[in-house]
Amino acid sequence: MKKGKLWLLLTILVGVVMIMAGCGGGGQKQNSADSNQAAGGGDTIKIGFLGAKTGEHAAFGVETLKGMKMAADDINKAGGVNGKKIEIVESDHGSKITEGTNVTQKLITRDKVVAIVGDPTTGITKAAAPIAQQNKVVLLSAGAVGTGVVEIGDYIFRDVLLDAVAAPAVTKYVNQKLGWKKVALITSMNNDYSVGLSKLFRKAIQENGMEIVAEQSIQDRDQNFSAQVTAIKDKNPDGIIFTGYYTEGGLFMKEARKQGMKAVMVGGDGLLSDVLMKMGGDAVEGSMVYCGFAADEARANEKTKKFIEAYKAGNNGTLPDMFSAQGYDAVMLLADAMKAAKSEDPQKFRVELAKTKDWQGVSGVITFQDNREPLKSPVYILTVKDGKFQVKDTVEVK
Amino acid sequence: MLTQQLLNGITLGATYALIALGYTMVYGIIQLINFAHGEIYMVGAFIGVLMVSVFHQGLLISLCAAMAFCMIMGVAIERVAYRPLRRSTRLAPLISAIGVSIFLQTLMTKIEGPQAVAFPHVINDSLYHMGAIEISKIQLIILVVSSLLMLGLHFIVKYVKIGKAMRAASEDYDTAALMGINVNRVISFTFAIGSALAAAGGVLVGMYFNSVAPLMGVLAGLKAFCAAVLGGIGSIPGAMLGGLFLGVAETLGVAGGFDLYKDAIAFTMLIVVLLFRPTGLLGRPIQRKV
C-alpha cells in the first residue's frame, strides 16, 4: 500500500518535471546560447536591451528589440564599429518595475554592456536610469517620453518625440483644425506616463483657451469604466483626451459608445498598438494618436524607405511602428557616437552622443539640446480608420 | 446621474455576488476558503471566449458550456487538491488552494499569453431609456441571468433533496455523515454549483467589460471573498447582499472621484463591518458546541 503511494508520487513528480522542462526549454536554450557567445567573443561591443517581451507592455518591447536587431545587422554587415561587431544582449522584465531594475543590474554587472537601449516606458526607465548612471553606462531610451528622465544624469539619453513637445502641438491641432472647445481628460493614476502626460495636456489646454469639462481617473488593468463614462457623459465634451495605454483606451471607448457617447478620443503614443483596435473594435474608429514616427511611404525619405522595406521583408509585410524605428535609431546613434569617439568607453562616446545635431534617423531628425533633451520633428497624427492606424496629418515643431 | 451610477453598481455587484456564492457555500460546508475560486471564474470567461470565437456559438450555449466545463473542473480540483487533505490541519487545504490558484493563472498565461483578450462580439448591444436612466441590453442580460441563477440556487438549496443534504452538512458535517448523508457527494455537488456560478459570472463580466485576462480572477476573487465575508460567510443570501453592496459602494466611490481607492473601498468596508458585526451582515452568531 505504502509502496504504491510512493510510486504514484514519484510518477507525478517526474511528470511535472518533464512538463516544466518542456515549457521552459525554448527560452532557456536561447539564453544559454547567447551567454556562450558572449563569453567566447572578446571583440564584440555589447548593447543591452531593457524592455518587456511579456506582460502588459510587451508590444513596445518586442518592437524595440526588432529594430535594434535590424540596426545591429546593418552595422555588422557594413563592417561593424571600430572594427568590432555589435551584439545585442536580450532580456525580459515582464513589464514589472522591480524586474526592470534587476535586469538593468544584470546587464551591467554580468553581461558587461557598454550601453543599454530601453526601457520603452518612462516609468521603468526612471527606475533603471540611476543604476546606469552610477555604473557609468550609457542608457538610451527608445520610448520614454515622460518628464524627469534625462535629469537623472549625464549618461541618460532618449531619442523620442517628447510629450512636452507633442502635447501642446496636438492640443493646438484639435483646437484650431477640429474646433474642440470642451474636453474630458482621463488619466490612469497608477501609470507614471499617464499622470505626467495629463499634466502637460492640462497646461496646453489652458494656454489654448480650451476648457476641461470633466476629469476622471482610471487605473491600469481596470476593466470596468462604467462609472467614469457615466460621469463625463452629461458634460458633453467635444473630445476625450486619454493619456493611458492601449488596453484601457480601447475598453474605455467601448464603454463610452455603449453608453451612447459620440466624442472621439485623442491620446499619446501609449495608445499606439493594434491591441487598441482589438479591445475597442468599432468604438475606436476615428480615435487619434500622436507619435514620433509613422510608416508613411509617401512622406518618407530614402533612409526611412529602406528601413520600411527591410522591416516588411522580415515581418510578413507588416509595417514597422514607432518603437521599431526608434529602437533602430537608438543603436545607430550609439554606433555613430562610438565611431566619432573612436572608442567603446561609455565615458568617451557619451560626450560625442550629447553633441548629436540634425542627425537624420529613420524615425525623424534628432538634435540633442544642451540639457540632452531631444528635439524631434515632425509630430505625426494618426487616426484609426477601418481598424488600422493611418496618417492623418503632420505637425512641424521647432 | 446617481440612479445611473446605482445601476452600474448593481450590475457589477451582481457579478461579485455570483462569485461570492461559491466561496460562501464551500466555506459553509467544509470551512475552506477556496482561493482557487477566482481562477475558476477566469477559466469560465476564457471558455466563453473560446465558444464564441472558435465554435461560433451564441451567448446561451457559450454560457452553458462554460458552466459545464467549470463544474467538472471544480469537482476535479476538490478531488485532487482538497479531499486528500480534508483530515489534515485547516491550513493545509488553504495552501493547496493558493497553489491551485497560481497554477491556473500561469497555465492560462502560458496558453493565452499575458495580454488581455477581447471578448468577441456576441450580441448586438442597444440602449433602453427608462426615464432618466439608460440601461444597456448587456446590463439587462447580466441582471436577468444572475437573478435566475440565484433563484435556481435558492430553489435547490431549499426544496431539492441534495440541497437539504447541503444544509445538513453545513449544520454539522460529522453528524450529517452519521445520519446517512453521503458527505463526499454533497461536497462535490457544492463545488460543482459554486464553480458553475463563477463561470457564469466570468462569461457575463467578459462580455460586459469586453475583456478577459489570465489574471482577472485575482482581484475579482478577493473582492467576491470580501463580499462573502461582508454578508456573513456561509450565508447564501448574505453573499448576494454583500456582492451588491460592494458593487454599489465601489461604483459610487469611483463616481465620487476616489478611483485610486477603488479596491481599498471593498476592504475598508470589510474591516468596518467585521469590527461591529463580526459574523457579517446576515451571518448567524457562531455557536460553540459543548
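Helices in this account are DSSP runs of H or I spanning at least four residues, numbered from the N terminus. With that convention, B:Arg86 in this predicted model sits in the loop between α3 (59-82) and α4 (91-112) of chain B.

**Annotated spans of chain B**
- An unreviewed UniProt entry places the feature "transmembrane region" at several stretches of chain B, including residues 58-77, 89-108, 138-157 and 264-283.
- Residues 138-157 of chain B are 100% helix and 0% strand, with 28 Å between the end C-alpha atoms.

**Surroundings of B:Arg86**
- Leaving aside residues up to four places away in sequence, B:Arg86 touches B:Ile30, B:Glu78, B:Tyr173, B:Asn184 and B:Ile187.
- With one of these residues, B:Asn184, the side chain of B:Arg86 also makes a polar contact of 2.6 Å through the side chain of its partner.

**The loop residue A:Asp358**
- A:Asp358 lies in the loop between α12 (346-354) and β11 (359-361) of chain A.
- A:Asp358 counts as exposed because its relative accessibility is 54%, and exposed means over 50%.
- When residues up to four places away in sequence are not counted, A:Asp358 touches A:Val365, A:Ile366 and A:Thr367.
- A:Ala144 is 214 residues away from A:Asp358 along the chain, and the C-alpha atoms of the two residues are separated by 20 Å.

How values were computed. Residues are numbered from 1 along each chain as its sequence is written. Chains are lettered from A and ligands numbered from 1 in the order in which they are written. This is a predicted model: local features need pLDDT of at least 70, side-chain atom pairs count only at pLDDT 80 or more; totals for chains, interfaces and linings use all residues. Side-chain values use heavy atoms; hydrogens and water are left out. UniProt positions are given in the numbering used here, feature names are shortened, and annotations may be inferred rather than shown by experiment. Helices (H or I, at least four residues) and strands (E, at least two) are DSSP runs, numbered from the N terminus. A polar contact is a pair of N or O atoms within 3.5 Å; within protein, one must be able to donate a hydrogen and the other to accept it, and residues adjacent in sequence count only if both atoms are side-chain atoms. Contact means heavy atoms within 4.5 Å. Buried means under 20% relative accessible area, exposed over 50%, partly exposed in between (1.4 Å probe, protein chains only).
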